[in-house]
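Subject: Structure handover

Hi,

Here is the structure for you to take over. My notes on what turned up follow below it.

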Amino acid sequence: MATAPLLAARGVSKSFFGNPVLRDVSIALQPGRVHALLGENGAGKSTLINLLSGALRPDGGAIEVDGRPVWRMTPAYAQQAGIAVVQQELSLTASLSIAENIGLGAYPRRFGLLDYPELAVRARAACDLVGLREPLSVPVGHLSLGRRQMVEIAKALYRRPRVLILDEPTSSLSATETKVLTELLERLRGEGIAILYISHRLNEVMALCQHVTILKDGACTADRSLEGTDAGGLVRLMVGRDPGDLFPQWQASVSTANAISVRNFSAGLMRDVDLDIRTGEVLGIGGLVGQGQEDLLLGLYGAIPARTASATINGASSLPSGVPKANALGLAYVPADRKREGLHLIHSIITNMMLPAFARLPALKLRSRRAERETARGLAAQLGIKGDLDRPAQALSGGNQQKVALAKWMPHHPLALLLNDPTRGVDVETKREIYMMLRNFAAAGKAVVLLSSDTPELVHLCDRVAVVREGHIVAMLERGALSEEAIVSAAMGAEQRQVAA
Amino acid sequence: MSTVGSSRQAGALYWPVQLRRNVGVRGLFAVVMAFLVAYGFLFPGLFTASGFAKFTQSWFPLALVAMAQAILMLTGGISLAIGAMVSLGAVIAATTMTGPLGVAGGATAVALTGVGIGGATGFIVVKLRLPAIVVTLAGSFIIGGAALLILPRPGGAIPEWLSDLLAGNTPAAFVLLVLIVLLWKLYLATPLGLSLYAAGENPVGAYRSGVPVDGARVAAYAISGLLCTGAGLFVAAQTGSGDPIIGTAFTLNSIAAAVLGGIGFLGGQGTMRGALAGSLLLSLMISVMFFLGFTPVAQYVAQGLIIIGAVAIPQFRKVQR
């Protein structure tokens, strides 16, 4: 190629605490091209982005801007060079307004003061690009997660980047927002901007990108045009296996007995829900982000106040009044935010696994370290968690952290599992293992409630899917009627309500 | 007159942003107003010139230290050296102003000390990544010790005309406070000032956005130090002399005022107008209880209960929602 890439990494390496995370990786971002960066969690994608944006410095190799090596890359320099990053973790400040967040770090000034009129004009322009209609003065803390993600993207566009790096931008976006973003990226590409796009959603990648770099265990396994490849081929390159068995074979294991049954159930955003969850089924909960799905799970789990006309939970005739009560009734909940709610990151893997057990032991009984260690080893073997269990949980990759968050409930043989987006940000291989586990739980006669933002997994894994919109279950789709189109159209209210069976 | 046009446009963003910041402190403002009315009934002299002057003078130092504490808490820090800094400011003022340096030289010395020690504290906390609570605790011993070295027992003097100007029958304290608040608004309208919120709430995100996080935090410590020694100067003018331990009570009162004003401990939460209202409320509470004839011990107990209540009520409302 004749033109120099706008931004490139040449043979970069990086280690953390002696663990090599990237080894001799090269990537070149060309103008007018959407470049996909794929890889499982822990493959080194985020580290590579941090190197490209100057947040980290490489141990070896070089970062090049316009073909010239840059020795001291910093976020400020990257910004000057026209490199903007949309991080996976949001970089927003809740108490500042949308406009103040968008301009943060690059405010227009007049006489040394922040130029509010100019900021308003430029922030409005950036918001219009991503379809944000909220007033610019609204504090970001008042927005939903999906809207915050759009602010984050507007913030990157405000800097008029030549290189735009997006780290899983769609993981918390609704279908509409994703569509807006896709069209926007197409247009930016046409304007000659180089785009690096990281996503776990392969269909998005196939539709949007022209070139792909694949990382596996910190090394580059492919750097090629996307033309002539299919999603299956990409997954093979990422995991070195065939993707056909991502979802386990679906087998009916549902019984007619109800594990959980509620009438006129209200909690948080959810209003007047009638729901029966049967033993031996995987019940999916779908819908756009933030319609009250989480409140449904938390309400059933006794973690937030809930009201109901009648309830039967594993034989008891009332909702659990609190989490210990819910655990005693055989309910277990795995939160979506595993870093904050699911795990205690600085504590060892063993401690994390044993936490629910601590809650059940008599408060002043002496602990048996040996028994704990044996239980933990058993769990680790059962779930395929590798390595030293005395390491802090934060040393694990996202997928393995999720396994620990699941594993800690296993010794208590829960009758019903309430899972809040258990595969968000989890790599393909771990996803497959988690899917397998969920079907096995169902086959063993447990009730599994799977709240998910990933529509394919609802389609392929669930016996039934309840679609939630604005605090109500607007459709209950049976196995036979399950399709991505059916779920999305119900979620967006595009179709007439289907009657729950 | 293009400035008129553009400032009207600015209203399209600047004022709505300011209005939204009021939302969190509306309840507090209402309570402050209620106390103000109660105080006016108990002490009708409040609405005379000298009554107003006396009242603002009793509030002024607390308002300054509340601001000093609030700035740090907004960056996610805290200071336990506020009281010691006030004492140091007071003794420096009392030992220099009647000497060869004169009033201007003494005031400059007070200001430089505040900015210098504040900046140095900030440098240690921010650049060496040490916990603020430990550094400022240690700092309170050092600074308090320095104050005692300069003036081992109460003494020194402040020129009488300065005492009369600041703490006499004039609204000087109120005018100064208005001026300081305006300067703060101006600072918050600079990129560095506004970055304070981002640096406090989400330092990693702010750094990645190109915000000079360390600079914003060190600047906050320096400003905080300046406010503290300035409060010290005022206290010295009020008493007419320097006292090396006069500031001690301000450390905890500054935290109490900031917390009353809705400043969060985690950084980036709260507003300066809240902190000021908090300090006014604290000041009013003390005065009202005094006029109601509370014994000093009962005052302390009531003060503590009110602070817990003030923090708890918004929490309860959040739970109910």
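This is a predicted model.

In chain A, six strands make an open sheet of mixed pairing. Their order is 18-19-20-15-21-22. Strand 18 (331-334) and strand 22 (472-478) of chain A are at the edges. Each has a single partner strand, so one side of each lacks a neighbour in the sheet. From one strand to the next, the twist averages 20 degrees.

Strand 18 of chain A runs parallel to strand 19 (residues 416-420) of chain A, and four bridges join the two. Opposite A:Leu331 stands A:Ala416, in strand 19 of chain A.

A helix goes with this sheet. Helix 15 (residues 428-443) of chain A lies across strand 15 (282-286), strand 19 and strand 20 (447-451) of chain A. With strand 20 of chain A, helix 15 makes an angle of about 145 degrees.

On to the interface. How many residues does each chain bring to the contact? Chain A gives 32 residues and chain B gives 26 residues. On the chain B side, the elements giving two or more residues are helix 1 (2-10), helix 2 (14-22), helix 10 (191-201) and helix 11 (203-208). Helix 10 of chain B has the largest share of that side, with five residues. By class, the side of chain B that touches chain A holds 14 nonpolar, nine polar and three charged residues.

Best wishes

Notes
Residues are numbered from 1 along each chain as its sequence is written. Chains are lettered from A and ligands numbered from 1 in the order in which they are written. This is a predicted model: local features need pLDDT of at least 70, side-chain atom pairs count only at pLDDT 80 or more; totals for chains, interfaces and linings use all residues. Two residues are in contact if their C-beta atoms, placed from the backbone, lie within 7 Å. Ala, Val, Leu, Ile, Met, Phe, Trp, Tyr, Cys and Pro count as nonpolar, Asp, Glu, Lys and Arg as charged, and the others, Gly among them, as polar. Two strands pair if DSSP finds at least two bridges between them. Axes are lines fitted to C-alpha atoms, for helices over the stretch in contact, and angles run from 0 to 180 degrees between N-to-C directions.
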